[in-house]
Amino acid sequence: MLPTFTYVRPKSVTEALELGATEGAVLHAGGTDLLGCLRDGVFRAGKVVSLSALGELRGVARTSDGGLRIGALTTLSEIAEHATVRGQYLALAQGAAAAASPQLRNQGTIGGNLCQRPRCWYFRGDFHCLRKGGDRCYAVNGDNRYHCILGGTACYIVHPSDTAPALVALGAQVRVASRSGSRLVPIDEFFVPPARSVQRENVLRPGDLLTEILLPPASGRSVYRKVRARGSWDFALAGVAVAATVTEGRVEQARVVLSGVAPIPWRAAEAEALLTGRQLDADTIGRAAEASVAGAQPLAHNGYKIHLVRGLVAETLEALA
Amino acid sequence: MTYYVDAEEHPATDRQGVAQLPPWGETRVVGKPLSRVDAYERVTGSAVYTLDLTLPDMLHAAIVRCPHAHARVTRVDTSRAERMPGVRAVLTGASPGADIPWHIGRQGPTSRLFDTHCRYAGEEVAAVAAETPHQAWDATRAVAVEYEVLPFVVDVDAAVRPDAPQVHEGGNRLGAPRVSERGDVRAGFAQADVVVEGTYRTSCELHTTMETYVSVVRWDGSRLTVWDSTQGVFATRAGLARILDLPLSSVRVICPYMGGGFGSKFEVGKHTIIAALLARMTGQPVKAAVLREESFLSQGNRPANVIRLRAGAKRDGTLTALEGTFTGVVGAYPTGGTAPFQVEALYRCPNVRVEASDVYVNAGRGCAFRAPGFPPCNWALEQLMDELAGKLGMDPVDLRLKNLTTVLQSQGNMPFTSMGLGECLTRGAEAFGWRAARERPPAVGHVVRGVGMAAGMWGYQGEPRSTVILKLYADSSVNLNMGASDIGTGTKTVMAMVVAEELGVPLERIQIEHADTATTQYAPVSGGSQTVLVNAPAVRAAAADVKRQILEIAAAEMQCQVGDLVLADGKVARADGSGEARPVSALRGLQERDVLVGVGRRHPHPEGKIALPFAAQFAEVEVNTRTGEVRVVRLVAAHDSGRVMNLKTYENQVFGGMTMGVGFALMEQRVLDPQTGKMANANWHDYKIPTAMDVPLEQTCVPVDPHDTECNTTGAKGLGEPATIPTAAAIANAVHHAIGVRVTEAPITPMQVLQLLAARREGE
Amino acid sequence: MTDDRKYLSRRAFLESVGVGAAGATLAGVAPRAATAAVQEEGLTWVALRVNGRSHQLLVEPRWTLLDVLRERLELTGTKLGCGRGECGACTVLVDGTPRYACLVLAVEAEGREVTTVEGLMRGEEMGTVQTAFVEEDAFQCGYCTPGQVMAAEGLLRRLPHPGPEAIREGMSGNLCRCGAYKHIFEAVRRAAELRG
């Protein structure tokens with residue numbers, strides 16, 4: 001059951017920014033994560049500010065530099081099926097297609113997908129955990145099979161989005177609007193690890209609004225592969241987005257970004273460094289796969305993720321070769 | 001074994017005066033793949049399930065539940081809740097008439113409707129009735145409860161330690177272990193050329209029925225009408241009458257459509273009693289629906305099992321000894337946790353010893369769940385047999401064929417009325433292409449395939465009590481009146497087909513009333529794979545009674561003997577072909593009476609024999625050794641469930657049971673947080689059941705009909721449960737075939753596969 | 001749920017925004033693009049189109065489309081499974097695409113065409129998907145069935161001739177605990193045939 005809230009549906013971005021900055025306001029894009037959070041009492045909403053009348057925030061269009069602009073309210077289905085996205089930014093189409101279920105993809109937006117709250121079952125459940133203002137992280141000594149092996153400290157969530165690692169791999173930027181104007185944030189800088197804050201997962205402040213995602217002109221190939229227990233609904237046990245330019249078997253540049261293993265989409269920087277300038281052969285792939293889990297610190301129940309990431313990265317790089 | 005029917009009394013069947021009908025030969029209607037008689041209602045959404053029901057002036061109930069794994073309620077303050085909008089009544093253990101003992105089973109410690117000693121997170125503490133579901137839920141948030149939190153235990157190994165927190169006084173074991181043995185296992189193992197052993201663990205599984213647990217209750221003076229999402233209206237009625245101290249004639253339970261039970265809707269639930277009390281307090285009807293989030297905590301489950309098994313065999317594969325210890329993790333209240341039956345009964349073995357015991361933990365209590373105890377036992381036994389086959393260098397199917405038996409060894413060697421397991425194994429293997437698949441060369445690359453199989457059986461032949469009334473109307477259309485619920489297996493259709501077979505009445509001219517304790521006659525719960533084999537013979541008997549009456553009337557009018565006449569295609573004719581055939585509706589005797597009423601009762605079970613179903617299932621899997629992903633590629637199921645009553649619904653059951661088996665094998669598991677004892681995955685995302693993506697596109701059903709003329713007058717045996725018993729073991733054996741690693745703990749997740757493969761690499 | 005969560009009064013009011021906006025009155029219905037208006041007792045008017053019919057209803061903002069369909073419009077064909085987008089039993093079409101009614105706030109459905117399982121009927125005559133489900137015995141208990149039917153309808157409107165994998169994927173947002181998936185796949189294939 002949902003608790004009581006008031007509801008308002010602004011007809012312009014300006015109105016939305018005004019309302020979004022008021023006391024107790026939460027933004028409603030597709031609503032698929034919002035309603036679940038309200039049902040579980042993860043946070044309270046005094047006022048739900050619906051973005052659904054803001055048609056200008058929806059749609060995919062070319063930018064003047066040959067890149068792509070994707071409105072934050074574009075649904076995951078629209079992105080997964082969009083010809084240009086599939087043709088030139090495949091990792092993003094695959095990430096969108098891999099999320100959730102068909103009905104959720106018809107309703108969920110890419111903005112919402114990036115900003116969704118963590119799926120940690122302590123965070124979502126009846127546990128007053130650190131991220132919700134309590135004094136402890138229940139995953140540390142609890143059942144942490146789905147928690148992070150990289151980037152964890154104080155809090156050990158994994159970032160749940162499949163589109164986020166794809167966008168990181170593709171070098172996207174996001175536009176953040178507020179009452180004082182708008183700014184472009186490189187997607188690498190959008191997500192906030194627990195080392196910086198356990199209260200939020202991204203840089204958005206109350207009153208901010210993610211309006212669009214900008215992709216640079218496409219170069220090379222990209223792919224997103226997700227591993228999970230069930231073939232639908234499930235979030236990633238681990239996933240990898242790779243975007244690379246390979247010329248005659250030689251890697252000119254590569255981005256390797258992991259999902260399901262860290263509180264933010266995780267750039268496997270050492271793996272990327274190992275790949276750059278090298279032939280994409282079995283030896284390089286093996287070493288890059290190994291490097292992708294360098295520094296991993298497993299918890300009591302999630303050591304399997306190390307093997308998983310290794311195998312997943314190797315398999316995905318092989319498919320690109 | 002039949003612990004889940006222990007809640008209500010079942011007197012023995014009267015063995016006299018029930019005439020037997022000759023077995024059917026070739027049938028005209030029965031067996032055909034006919035669409036269901038209530039298909040229209042279900043696919044159009046016009047079927048009214050209990051959760052859909054609204055009565056005038058109806059209130060909605062919501063329940064306050066204990067959030068702690070173990071606690072005492074020290075104070076319940078409902079004052080704020082009582083003042084909230086729309087609230088009409090608040091119910092606690094202190095409310096008049098609400099301090100009701102709650103017996104779970106017929107032995108062991110009892111509890112109360114609102115027990116101040118809460119033994120699991122989710123246990124009921126209080127309830128509210130309000131005008132809307134939202135108002136009721138809001139009010140539960142406002143009930144202030146104070147708890148004294150107690151130490152808890154949720155791990156089975158911890159629960160049996162002497163210093164463990166006690167769920168009940170007297171410790172966490174439910175009495176002494178139950179031992180069953182025959183022959184001499186020590187001698188048996190001594191005779192063996194090969195011995196294998198293993199420890200197997202299965203997880204706690206939840207039913208997660210699509211329709212939640214819900215009752216709508218209305219009092220009319222001192223008479224009670226309850227619409228209940230139940231598998232057995234008579235079981236619910238018995239529970240209500242007993243608990244509320246009412247005569248059976250004052251309680252009416254109705255359930256025309258229900259959205260799944262799988263064993264969790266065999267008994268009257270606390271929410272039903274709560275609704276009844278709130279309805280009495282308010283003078284208004286009350287609907288009490290358990291929220292989905294709550295349903296994971298308090299509505300029953302399949303207990304986790306720890307099974308240690310040992311098998312000894314001769315070099316030629318003949319079993320010489322089987323020994324096992326079974327531990328069931330039953331939760332906070334008594335129930336049956338394990339079923340060693342298949343170890344004792346599936347294979348011929350002279351020396352067997354099994355020991356079974358159950359353990360309490362501070363978690364929701366188990367209950368019947370589709371073949372209670374059998375899939376876990378099968379998971380262990382059939383993997384052990386697979387190990388044995390490997391060690392003997394024998395094909396797994398051949399090993400099973402070597403050890404077939406035609407008698408129930410655990411019950412004085414009582415012969416089976418039919419035993420088609422051998423044919424299931426050979427025809428299933430053939431349909432699957434088993435031999436070729438086993439001999440396939442090993443795969444190149446990191447994605448590998450394997451095939452596995454498992455045999456299984458179910459151990460319950462049903463409660464042979466059912467009374468059916470069949471009315472023939474003046475235009476020779478009929479009304480079929482039966483107590484049995486159709487929980488989705490197609491019961492109504494099958495029973496209508498029996499009528500059509502006996503009387504030649506087409507399905508469109510059969511009106512069915514069912515599952516109403518006031519207007520239909522007793523049938524046992526629809527479950528236990530007993531519904532067809534218990535009820536279809538009663539239907540046939542009722543139809544035979546009507547037929548007899550038709551022929552007697554016709555004989556009088558046509559001036560001949562009953563024996564001279566035949567009934568076919570709605571007409572009575574002389575057997576010798578002479579004279580004109582007379583339509584039944586033209587019989588003057590029928591017009592004068594306006595209706596003929598036939599009564600049929602289920603005949604007793606055969607004396608000295610037992611009718612049980614058998615199965616063999618085959619699985620092919622694909623394993624990605626780098627990611628641990630396991631995909632089921634195809635499934636073949638060969639079932640001896642006696643006569644196929646309706647091929648469409650039969651296949652649907654088999655595919656459905658295998659789907660549930662895929663869940664058992666690959667994903668279903670209740671997870672309890674070790675720090676608080678609370679369930680960590682109490683939602684339908686984290687408690688994972690198979691989706692359309694998780695079942696193979698290729699599923700094949702091979703019915704094996706042994707033409708059993710002794711089990712009952714229709715030749716059918718149970719199907720619903722055998723369909724799910726061997727699936728998980730078949731998949732586990734296929735995984736082993738693919739990667740050479742055996743996963744002994746269900747479910748087989750990518751997590752486990754990766755850990756086991758890594759451990760093996762390290763060992764090399 | 002945590003007991004210390006503050007209970008919010010039901011008598012909360014909607015805000016009216018927009019300089020110079022007339023503000024909808026009790027009798028009027030705000031058009032789609034405008035802000036929802038202040039109403040008494042925390043209720044607001046919403047105009048819904050369901051199965052081709054218009055309805056004007058007073059709703060609480062927290063009521064979902066599913067709540068309204070079942071409790072207000074008495075269209076109980078759309079089923080409540082989990083109420084949180086994890087099962088698919090409440091699948092309806094919103095502007096022709098399948099969605100979970102439990103995750104759509106009633107106020108959010110304003111201005112959209114909602115189709116429920118009842119809306120696939122022509123009087124008493126079943127639609128093609130329903131007919132196919134009957135033929136292929138694509139259900140057992142039947143409780144997930146309306147949701148499956150709507151998901152199939154949405155799939156076939158988008159992809160008139162889906163192959164087996166596309167069917168499976170299109171139906172992957174609908175749980176069936178009875179496990180009737182195999183027959184459901186057959187029914188979708190059959191429905192595509194019936195539609196030509």
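1. In this predicted model, 21 residues of domain 1 of chain B are in contact with 22 residues of domain 2 of chain B.

2. The domains themselves are made of separate stretches of sequence. Domain 1 of chain B comprises 7–30 + 462–601, domain 2 comprises 50–150 + 208–298, and domain 3 comprises 304–461 + 608–763. Between domain 1 of chain B and domain 2 of chain B, the C-alpha centres are 39 Å apart.

3. The size of an interface is often expressed as the accessible area that is lost when the parts come together. For domain 1 of chain B and domain 2 of chain B, the buried area is about 1700 Å², and carbon and sulfur atoms give 53% of it.

4. Polar interactions also cross this interface. Five residue pairs are in polar contact between domain 1 of chain B and domain 2 of chain B. One salt bridge is found across the interface of these two domains. Asp516(B) and Arg252(B) form a salt bridge in which the closest N and O atoms are 2.6 Å apart.

5. Strand β1 of chain B covers residues 59–65, and seven of its seven residues are buried. On one side lie Leu59(B), Ala61(B), Ile63(B) and Arg65(B), and on the other His60(B), Ala62(B) and Val64(B); both faces are covered.

6. The pairing of β1(B) deserves attention. With strand β14 (residues 286–289) of chain B, β1(B) runs parallel and is joined by three bridges; His60(B) stands opposite Lys287(B) there. With strand β7 (residues 124–130) of chain B, the pairing is antiparallel, over six bridges. Ala126(B) in β7(B) is the bridge partner of Val64(B).

Definitions and conventions:
Residues numbered from 1 in each chain as written. Chains lettered and ligands numbered in written order. Predicted model: local features only at pLDDT ≥ 70, side-chain atom pairs only at ≥ 80, totals over all residues. Heavy atoms only, no water. Buried < 20%, exposed > 50% of the residue type's maximum accessible area, 1.4 Å probe, protein only. Helix = DSSP H or I, 4+ residues; strand = E, 2+ residues; numbered from the N terminus. Pairing = 2+ DSSP bridges. Domains from an automatic or database assignment. Contact = heavy atoms within 4.5 Å. Buried area = accessible area lost by both parts, 1.4 Å probe. Salt bridge = Lys/Arg side-chain N within 4 Å of Asp/Glu carboxyl O. Polar contact = N/O pair within 3.5 Å; in protein donor to acceptor, adjacent residues only side chain to side chain.
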